[in-house]
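Let's take a walk through this model together, one packing arrangement at a time.

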Amino acid sequence: MKKTGVIVCSNAGLDYIEHEYNIPIFRSVVIFGENEKYDDYTEISAVDFYNRLKNDKKAFPHTAFVAIGKMISTFEEMKSLGYERILCIMISQKLSGLQQAIGLAAKEVSDLEIIVYDSKTLSYPQAYMALCASKMFEENKSIEEVIKKLDFIRENHHMIFAVDTLEFLIKNGRLSKFAGTFAQMLSIRPLLHISKEGAVESLEKTRTSKKARELMIFEYIKEIENKKVIPFLIHANADESLLTEIIMKVKELRSDLTEISIYPLTPVVGSHAGPGTVALGWILI
């Protein structure tokens, strides 16, 4: 059986999750202006990133995925450690061109089987896939068994987002400038989700961020009815009191969810969602 390793991209936010596995990370780059560039997490953490946005209202970040040269170096390093196959669990192809770039990098590496898996998601569900795959490979599970598990997770999870500002969605092209400006004038806030195809789509539109969060909780509870799930809350530097409030409301409606993990939205994702974004998610057990 081939020695198989796992690689994930920084969109998964794996850096903020304690684990014991050797999982290299393809780090996207956060860019301010034309020349100010930082590798996600290692050069700019979530705390530093959101503080930057808070203290400098003119700062607007863009992102780029990891350079192909760094991908090749990572593959070569994994090969030197005895890995014969690499499973790259990547952000949804609908949200990034990273998967195509990996395909180009893979052509430059010999004697190493490289499989690119489209998670059709991002953030914690993507990180969870990487952790499950690493655990299964340590248990000598086959690549077919691992892919089957990843397919199950991909088909049986969901995230619903409530954004606090439309500015980042507009500037990053998620909303047209006209539609976004009109929505801001009317205090409209879209409730978003990651679709089955891995795209960010609008579920509903509400008035004010507060109402969007209330609708998020309502839709979340409706979705997980009669389901045994792993619940989680993701946020882009939202107030701690707000996070506590959301968790308390969820637990009031689903008292069996005794532990709801909280994870920060890593800078490269927060650059598009904007500060204050909160997301409720679940993974079917």
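The crossing of α8 and α9 is right-handed. Keep in mind as you look that this is a predicted model. Two packed helices are described by the angle between their axes and the distance between those axes. Here, helix α8 spans residues 209-223 and helix α9 spans residues 240-253; they pack at an angle of about 35°, and their axes lie 10 Å apart.

Which residues in α8 and α9 meet? From α8 come R213, M216, I217, Y220 and I221, while α9 supplies L242, I246, K249, V250 and L253.

Strands of a sheet pair through backbone hydrogen bonds, either parallel or antiparallel. This open sheet has three strands in the order β4-β3-β5, and the pairing is antiparallel. Its edge strands are β4 (36-39) and β5 (61-64), each of which pairs on one side only. From one strand to the next, the twist averages 30°.

For a closer look, pick out strand β3, residues 29-32, which pairs with β4 in the antiparallel sense over four bridges. If you click on V30, you can trace its bridge partner in β4, Y38. A helix also joins the picture: α1, residues 46-55, packs on the sheet and touches β3, β4 and β5. The direction of α1 makes about 20° with that of β3.

Methods: Residues are numbered from 1 along each chain as its sequence is written. This is a predicted model: local features need pLDDT of at least 70, side-chain atom pairs count only at pLDDT 80 or more; totals for chains, interfaces and linings use all residues. Side-chain values use heavy atoms; hydrogens and water are left out. Axes are lines fitted to C-alpha atoms, for helices over the stretch in contact, and angles run from 0 to 180 degrees between N-to-C directions. Helices (H or I, at least four residues) and strands (E, at least two) are DSSP runs, numbered from the N terminus. A crossing is left-handed if the near helix is turned anticlockwise from the far one by less than a right angle, and right-handed if clockwise. Contact means heavy atoms within 4.5 Å. Two strands pair if DSSP finds at least two bridges between them.
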